Amino acid sequence: MTERQNTIWEKFLSPVVGLLIDEEGLKRYALSVDWEKEGDRFHRLDVEIPAYYSNYKFRGIEGGYLNPQAVVNYDSVTQYLLPPNETLVRQALIDTIKVQPRRILDLGCGTGSTTLMLKQAFPQAEVIGLDLSPYMLVRAEHKATSADLNILWRHGNAQRTALPQGSFDLVTVSLLLREIPSVVSQAILQESFRLLVVGGQILILDSNQKTLLQLEWLKEVFEEPYLREYATLNLDESMGKAGFKAVQTHDVWWIHQVTSGVKPIYREDLTTYKNVRQYVPTSTDNTVDHNLGGLETPVFGIRA
């Protein structure tokens, strides 16, 4: 893929954002962490890193999210890419939750910004954040510790999580589909369907597809290699293909959107999900997330 040079971000926005970021504070934080040692605590030997991910660049940083530099800069940059306010945008996902979950899975959790808000909204729920980058999980854990929130962080591929079926009432996906090929998005939707208990809900927060199609310059701002592919993706159709029903998408501040779907209760599901297998780790490496045993079918209630 040929890289475009001199994008709107490079010409105008990056210099402005650079003035607003506490670069010295970020440097101090970066130097205070032994990224390789901390990353090894999360790294799972059975997780395969796909080529689209290892070749990804975050704002020109080689290695993308597999580079600690990109992880350190991520929050500072992302806050300016989610107008009018990052917290308000992420809160739109929280406000769309219709179930009262006992167990939540945040796929592609990154540095855990949405994951932390999910735990704050449902303090009694078990919340798991899953990401392909061990360094993202290091940052996420630091944020959770600072906020005094007990969240389980797991290194994994959202396409193939190795978690048991029917184990979650709520699966969330934030700011991920725009960064990946459509075929991968479909695989993640299908995996989410498998992971949800019948009646469970999936929520997807991402860029507004209608707006992206109308305004070409927005694609230049975000600089995502798969953004055009995402913009033309028929998300409702993809959700239906994965098995979801009651699919609805609503705009969030015109630039963003939240899509919701429900795993329907089929007659054949009554036996399939009556007893869910106990989780058995797929590797023997000594990682921090091997306390996932005993994921029984969660009990949930519909919120008013």
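Analyst: What follows is a walk through some of the salt bridges, pair by pair.

The model is a predicted one. The count of salt bridges in it comes to 12.

Start with Arg 194 and Glu 191, whose side chains meet in a salt bridge with N and O 2.8 Å apart. Both residues belong to helix α9, which covers residues 182-195. They sit 3 residues apart there, about one turn of the helix. Glu 191 has a relative accessible area of 8%. Glu 191 counts as buried because that value is under 20%. Arg 194, at 25%, is partly exposed.

Next come Asp 46 and Arg 44, which also form a salt bridge. Their closest N and O atoms are 3.3 Å apart, and the cut-off for a salt bridge is 4 Å. Arg 44 has 0% relative accessibility, so it counts as buried. Asp 46 is partly exposed, at 34%.

Then there is the salt bridge between Lys 57 and Glu 62, with 2.9 Å from N to O. Glu 62 has a relative accessibility of 52%. Because exposed means over 50%, Glu 62 falls in that class. Lys 57 is partly exposed, with 26%.

Salt bridges can also join up into a network. Glu 38, Arg 41 and Glu 141 are linked in this way.

To go back over the partners: Arg 44 is buried, and Glu 191 is buried too, whereas Glu 62 is exposed.

Methods. Residues are numbered from 1 along each chain as its sequence is written. This is a predicted model: local features need pLDDT of at least 70, side-chain atom pairs count only at pLDDT 80 or more; totals for chains, interfaces and linings use all residues. Side-chain values use heavy atoms; hydrogens and water are left out. Buried means under 20% relative accessible area, exposed over 50%, partly exposed in between (1.4 Å probe, protein chains only). Helices (H or I, at least four residues) and strands (E, at least two) are DSSP runs, numbered from the N terminus.
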